[in-house]
Amino acid sequence: MPDKVVVTHWVDEDVLAYLRRFAEPVAPEERTVLSRAEVLAQARDASAVLACMADRVDEEFLAACPRLRVISAALKGFDNFDADACAHHGVWLTIVPDLLTEPTADLAVALTLDVTRRVTEADRHVRAHGFAGWRPTFYGSGLTGATVGLLGMGEVGRAVARRLGGFGCALRYADPRPLPPQEERRLGARRLELGDLLATSDIVLALLPLTAETHHLLDAAALARCKPGAYLVNVGRGSVVDEHAVAGALSAGTLAGYAADVFELEDWALPDRPDRIPPALLAHPRTVFTPHLGSAVTAVRREIAFAAARQIEQVLAGERPDHPVNDPAR
């Protein structure tokens, strides 16, 4: 009897055809994700799960699915997955680390342009009130000559820096691990402490993973240190910012705008995560929100799903997967 693979979200039919070569995949037919209850019901007798950002794997999940050998996450950040618990249960946890960087950097720049040039805000105005010709309204801020602070200079941070360099931005970054001097020169980026970066940046981009150290790094106290009229863009993890504090900073005028592709409600591993975006944040006109579209490029998502499927094939064949987070063999 072939191994059962639960695919927790819609994937391209070609990916399912690939899985059928060595397993029996179960996946939603519509462009949706399975609920946790649906995943658990299907995975109780499964050998593998091809998971996504909407999933959470913890001790309860693993105990309910005793036949699992691998959870292959079609993502890069795995803060919603307990890697140690997986290893304890003899389950590989794998990720796809290399394919999400460039599209996420593209979206970070798109959101930055949108919120600083007030594109979505102006679009809403035209749709609601029509357009009678040019008026001196919706003035925003340009990127040319702007000082941009990058919180986090990992792969996504460096990809964003490469893109923003073409706009003539003055790039600053804050990261516990400084870049080599030659890479700083190549990117045109200078390292600052967090407080100095916030105080001097016209635009701040949060490009950080969620850890104990980065949780609510941008809280009310940090936002109060921002340069008046600065813009904040978050494409890292929702809970790197305190969304209620962001709403307060927007109302007070400390922030001129906020754009986000990630939200606190997505951080399933946090016991006190909110269940919705703060209404005050949603209602503020100087905000732009996208529903976690960082890697939502058709060709890229297909490649990510294939990479995740290949790692399932490797584990079920008794091989070491390409990109493991843990090592249950130890």
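Is Ala307 buried or exposed, judged by its relative accessibility? The points below take this up along with the rest of the fold.

1. **Basis.** This is a predicted model: local features need pLDDT of at least 70, side-chain atom pairs count only at pLDDT 80 or more, and totals for chains, interfaces and linings use all residues. Residues are numbered from 1 along each chain as its sequence is written, and side-chain values use heavy atoms, with hydrogens and water left out.

2. **Ala307.** Ala307 counts as buried because its relative accessibility is 11%. Buried means under 20% relative accessible area, exposed means over 50%, and partly exposed lies in between (1.4 Å probe, protein chains only). Ala307 sits in helix α13, residues 298-316. Helices (H or I, at least four residues) and strands (E, at least two) are DSSP runs, numbered from the N terminus. Ala307 touches Val96 and Leu99, not counting residues up to four places away in sequence. Contact here means heavy atoms within 4.5 Å. From Ala307 to Arg273 is 34 residues in sequence and 30 Å in space, C-alpha to C-alpha.

3. **After α13.** Glu319 is in the segment that follows α13. Glu319 has a relative accessible area of 45%, so this residue is partly exposed.

4. **Strand β3.** β3 spans residues 48-51 and is covered on both faces. Ala48 and Leu50 are buried on one side, Val49 and Ala51 on the other. In a regular strand the side chains alternate between the two faces of the sheet. β3 pairs in the parallel sense with β1 (residues 3-7) over 3 bridges. Two strands pair if DSSP finds at least two bridges between them. β3 also runs parallel to β4 (residues 70-73), joined by 4 bridges. Val49 is the bridge partner of Val6 in β1, and Ile71 in β4 is the bridge partner of Val49. From β3 the chain crosses through helix α3 (residues 59-64) to β4, and this β-α-β crossover is right-handed. Right-handed means that, with the strands pointing away from the viewer, the path from the first strand over the helix to the second runs clockwise.

5. **Strand β11.** β10 (residues 230-234) pairs with β11 in the parallel sense over 5 bridges. β12 (residues 287-289) pairs with β11, also parallel, over 3 bridges. Ala260 of β11 stands opposite Asn234, and Phe289 in β12 is a bridge partner of Ala260. β10, helix α11 (residues 243-252) and β11 form a right-handed β-α-β unit.

6. **Nonpolar core.** Which residues touch the most other members of the largest nonpolar core? They are Val148, Leu150, Met153, Val160, Leu164 and Leu205, out of 31 residues. Such a core is a set of buried Ala, Val, Leu, Ile, Met, Phe, Trp, Tyr and Cys residues joined through side-chain atoms within 4.5 Å. Elements supplying at least two residues each include α5 (101-117), β6 (147-151), β9 (203-206) and β10. The largest share, 6 residues, comes from α5. Not counting residues up to four places away in sequence, Met153 touches Arg158, Ala161, Tyr173, Asp175, Leu179, Leu187 and Ala189.

7. **Helix α7.** Buried residues of α7 include Val156, Gly157, Val160 and Leu164. The buried residues of this helix pack against α5, β6, β7, α8 (181-187) and β9.

8. **Cavity.** A search of the whole structure finds 1 cavity of 30 Å³ or more. The largest cavity holds about 60 Å³ of space. A cavity is a set of points, on a 1 Å grid over the protein atoms alone, where a 1.4 Å probe fits but cannot get out; lining residues have an atom within 4 Å of a point. Grid points are joined across faces, edges and corners, and a volume is the space filled by probe spheres set on the points. Of the 14 lining residues, Val115, Arg118, Glu121, Arg286 and Val288 are the closest to the centre. α6 gives the largest share of the lining, 4 residues.

9. **Positive phi.** Most residues other than glycine have a negative phi. Arg118 has a positive phi, near 60°. Arg118 lies in the loop between α5 and α6, and is buried because its relative accessible area is 16%. His216 also has a positive phi, near 50°. His216 is in the loop between β9 and α10 (220-224). At 24% relative accessibility, His216 counts as partly exposed.

Notes:
On a 1 Å grid over the protein atoms alone, a cavity is a set of points where a 1.4 Å probe fits but cannot get out, and a pocket is an open set with protein on both sides within 12 Å along at least five of seven lines; lining residues have an atom within 4 Å of a point.
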